[in-house]
Amino acid sequence: MNEQDFYRWIGDKIREFRKAAKKTQEEVASLAGIYAQDLSAFEKRGDKIRSAFTIKEIVEATGHTLADLYAECSDCHRGADREIRCVPLPHRPFTKNCQCD
């Protein structure tokens, strides 16, 4: 995985978090202090945003933490009140030992 693929992967996770939180790009961008166009580019292609602090702000605006980005199964780490499906990390195959199953 190269650097661009890594940012694209983070953008994909942020989009999943945002949709699960039922928030628009405009709402999340406003909470994170960025432009909605930049969030859109980041979610689609991993473009525009390279600041770790800004990524943290975006993730937290969706109701998650940076640790959730790396969790093999977000449900296991966020509790039963979240509607997020199990998503494998790109460098680890998904295993059936997920506690959400």
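## How α2 and α4 cross

In this predicted model, helices α2 and α4 sit oblique to each other, because their axes cross at roughly 125°. Helix α2 covers residues 25-32 and helix α4 covers residues 52-61, and the two axes come within 8 Å. As for handedness, this crossing is right-handed.

Which residues of α2 and α4 meet? On the α2 side they are Val-28, Leu-31 and Ala-32, and on the α4 side Glu-57, Ile-58 and Ala-61. Sorted by class, that contact has five nonpolar residues, one charged residue and no polar ones.

## α1 alongside α4

Helix α4 also packs with α1, and here the axes come within 9 Å and cross at roughly 25°. Angles under 35 degrees count as roughly parallel, so that's the label α1 and α4 get. The crossing of α1 and α4 is left-handed.

From α1, the contact takes in Tyr-7, Ile-10, Ile-14 and Phe-17, while α4 brings Ile-55, Ile-58 and Val-59. By class, you'll find seven nonpolar residues in the contact of α1 with α4, with no polar and no charged ones.

## A buried arginine

Take a look at Arg-18, which belongs to helix α1 (residues 3-20). Is Arg-18 buried or exposed? Its relative accessibility is 9%, so Arg-18 counts as buried.

Leaving aside residues up to four places away in sequence, Arg-18 touches Lys-23, Thr-24, Gln-25, Val-28, Leu-39, Glu-43 and Thr-62. One of these, Val-28, is also among the α2 residues that meet α4.

## Rings that pair up

Now for the aromatic side chains. The count comes to four aromatic pairs. One of them is Tyr-7 with Phe-42: the ring centres are 6.3 Å apart and the planes stand at 65°, so this pair is edge-to-face. Tyr-7 lies in α1 and Phe-42 in helix α3 (residues 36-45), so the pair ties together parts that are 35 residues apart in sequence. Tyr-7 and Phe-42 are both buried.

Trp-9 and Tyr-70 make up another aromatic pair, this one tilted, with 5.8 Å from centre to centre and 45° between the planes. Since Trp-9 is in α1 and Tyr-70 is in helix α5 (residues 66-70), the pair links parts that are 61 residues apart in sequence. Trp-9 is buried, with a relative accessible area of 12%, whereas Tyr-70, at 42% relative accessibility, counts as partly exposed.

Note on methods:
Residues numbered from 1 in each chain as written. Predicted model: local features only at pLDDT ≥ 70, side-chain atom pairs only at ≥ 80, totals over all residues. Heavy atoms only, no water. Axes fitted to C-alpha atoms, helices over the stretch in contact; angles between N-to-C directions. Helix = DSSP H or I, 4+ residues; strand = E, 2+ residues; numbered from the N terminus. Parallel < 35°, antiparallel > 145°, perpendicular 65-115°, else oblique. Left-handed = near helix turned anticlockwise from the far one by under 90°. Contact = heavy atoms within 4.5 Å. Nonpolar A, V, L, I, M, F, W, Y, C, P; charged D, E, K, R; others polar. Buried < 20%, exposed > 50% of the residue type's maximum accessible area, 1.4 Å probe, protein only. Phe/Tyr/Trp six-rings, centres within 6.5 Å; stacked < 30°, edge-to-face > 60°.
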